[in-house]
Amino acid sequence: MPKITKENTTVRLIVSGLGNIGWRFLQILIDKQQHLRRRYGLTFQVVGTADSRGAVADPDGLDLVRIVGLKKGGRSVSDYHTEMAGPTPPGLAFGSALDLVNEIDADALCEATPVSLDDGEPGLSCMRAALRKRMHVVTPNKGPLVLAYEELTELARIKGVEILFCGTVAGGLPAINVGRRDLAGATIDRLEALPNLTTSFILAQMATGLSYEEALAAAQAQGCAEADSSLDVEGWDAAIKLVILAKSVLGVPASLDDVSVQGITGLTIADLQEAETKGRVIKLVATAQRQEEGYALTVAPTPLPLSHPLALLSGQQMGVVYHTDIYGVISAAILETEPVPSAATMLRDLLTLYA
Ligand SMILES: NC(=O)c1ccc[n+]([C@@H]2O[C@H](COP(=O)([O-])OP(=O)(O)OC[C@H]3O[C@@H](n4cnc5c(N)ncnc54)[C@H](OP(=O)(O)O)[C@@H]3O)[C@@H](O)[C@H]2O)c1
């Protein structure tokens with residue numbers, strides 16, 4: 001689908017997944033409605049939405065305030081029509097997000113369901129169905145991207161639509177966009193990233209003298225680590241993000257098997273203190289180093305000199321550094337203390353398509 005630049009365009013969206021990211025994305029659409037109309041001539045109309053318990057639609061546009069209210073109250077969108085006007089009008093309630101995507105006409109799918117690294121579901125099937133129907137897809141869900149990047153991007157190409165996923169790497173940091181758009185024409189000799197908040201937070205806590213176990217408990221208490229944080233602390237979350245960067249920015253057909261992965265579970269306070277005496281700070285760095293053929297991909301605790309752009313990032317920051325042949329060394333960082341920037345990445349992707 002060509003880029004749409006005409007004024008007063010209404011873009012019909014299906015939003016699947018209304019958790020931390022999904023409902024905040026709807027709140028952003030509510031808050032930004034006037035701005036988006038005035039600045040870009042765009043109206044985003046949500047014609048269908050789904051959570052784990054059901055899906056609802058309205059071709060004339062759902063009431064986003066009501067949906068956000070339901071989700072903030074811990075309820076399901078399947079209560080939407082019931083609450084509004086008694087029995088659900090026929091054809092406007094669905095058993096699943098996939099039914100919704102198959103049945104309802106829309107211009108773009110905004111996919112924000114949980115990550116699955118086993119099969120990419122439920123996001124992967126919905127993305128395939130949307131692309132087949134010539135809908136654009138925007139998503140911060142890294143599961144389908146790391147498992148089926150080539151299939152999804154090829155399907156999008158064949159259908160003449162786009163799949164954009166700037167929220168899959170490092171929350172709201174535009175790491176992918178900087179790499180893909182702003183480094184046009186460059187050879188990237190080296191990419192370094194801190195794409196995982198949990199490990200950055202834990203290492204920052206350890207630098208103040210907490211043990212690994214104490215720092216992990218602090219991260220869990222603050223809500224920046226899952227109860228099962230093994231994917232983060234063992235380095236796999238960073239590895240997944242490195243693979244997505246490798247495929248989308250470096251253009252290499254990488255997989256998780258190509259990444260040498262070491263997490264932070266073996267680190268001690270003594271390791272951090274020893275690094276400090278040498279003027280270094282240990283971070284969990286995801287690196288792609290250009291070789292004669294392709295890139296060497298690694299995730300490992302790395303002692304960085306204090307002059308390194310990633311060294312002084314706090315435990316609530318993520319960052320990326322691109323070493324290029326023609327643009328010098330470009331770095332970017334984000335301070336993300338709550339999930340709004342991550343939720344906003346779906347708006348950024350939509351504006352890439354439509355603004
Ligand atoms: N949170 C962040 O800061 C962040 C940052 C970057 C990227 N992401 C990515 O964004 C995505 C969403 O994250 P999140 O934090 O919002 O997750 P979350 O809070 O767990 O919310 C997941 C949402 O998906 C819904 N859901 C679960 N299974 C579903 C199904 N089969 N069909 C339709 N909806 C289903 C859940 O429904 P219920 O409401 O009924 O439970 C919930 O609304 C994930 O892929 C995550 O990796 C998150």
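Modeller: Start with strand E2 (residues 42-51), which pairs with E3 in the antiparallel sense over 4 bridges. Strands here are DSSP runs of E with at least two residues, helices are runs of H or I with at least four, and both are numbered from the N terminus. Two strands pair if DSSP finds at least two bridges between them. Before going on: this is a predicted model, where local features need pLDDT of at least 70 and side-chain atom pairs count only at pLDDT 80 or more, while totals for chains, interfaces and linings use all residues. Residues are numbered from 1 along each chain as its sequence is written, and side-chain values use heavy atoms, with hydrogens and water left out.

Back to the strands. The link from E2 to E3 is a hairpin through 2 residues, and Ala50 stands opposite Ala55 in E3. E3 also has a partner in strand E4 (residues 93-94): the two run antiparallel and are joined by 2 bridges. There, Ala55 has Phe94 as its bridge partner.

Which faces of E3 are covered? Both: Gly54 and Val56 are buried on one side, and Ala55 and Ala57 are buried on the other. Buried means under 20% relative accessible area, exposed means over 50%, and partly exposed is in between (1.4 Å probe, protein chains only). As a rule, side chains in a regular strand alternate between the two faces of the sheet.

Now for the ligand. It is surrounded by 21 residues, and the closest are Leu18, Ile21, Ser52, Lys71 and Thr113; being near takes a heavy atom within 4 Å. A backbone N or O atom of Ile21 lies 2.8 Å from a ligand oxygen. The side chain of Arg53 has an N or O atom 3.1 Å from an oxygen atom of the ligand, and for the side chain of Asn141 that distance is 3.5 Å. The protein covers 72% of the 900 Å² of accessible area that the ligand has on its own, with areas from the Shrake-Rupley method and a 1.4 Å probe.

One last stop: a search of the whole structure finds 1 aromatic pair. Tyr149 and Phe165 sit edge-to-face, 5.8 Å centre to centre with 80 degrees between the planes. Tyr149 lies in helix H7 (residues 142-159) and Phe165 in the loop between strand E7 (163-164) and helix H8 (175-182), so the pair ties together parts 16 residues apart in sequence. For the cut-offs, rings of Phe, Tyr and Trp (its six-membered ring) pair if their centres lie within 6.5 Å; planes under 30 degrees apart count as stacked, over 60 as edge-to-face and the rest as tilted. Tyr149 is buried at 10% relative accessibility, and Phe165 is buried at 3%.

How values were computed:
Polar contact = N/O pair within 3.5 Å; in protein donor to acceptor, adjacent residues only side chain to side chain.
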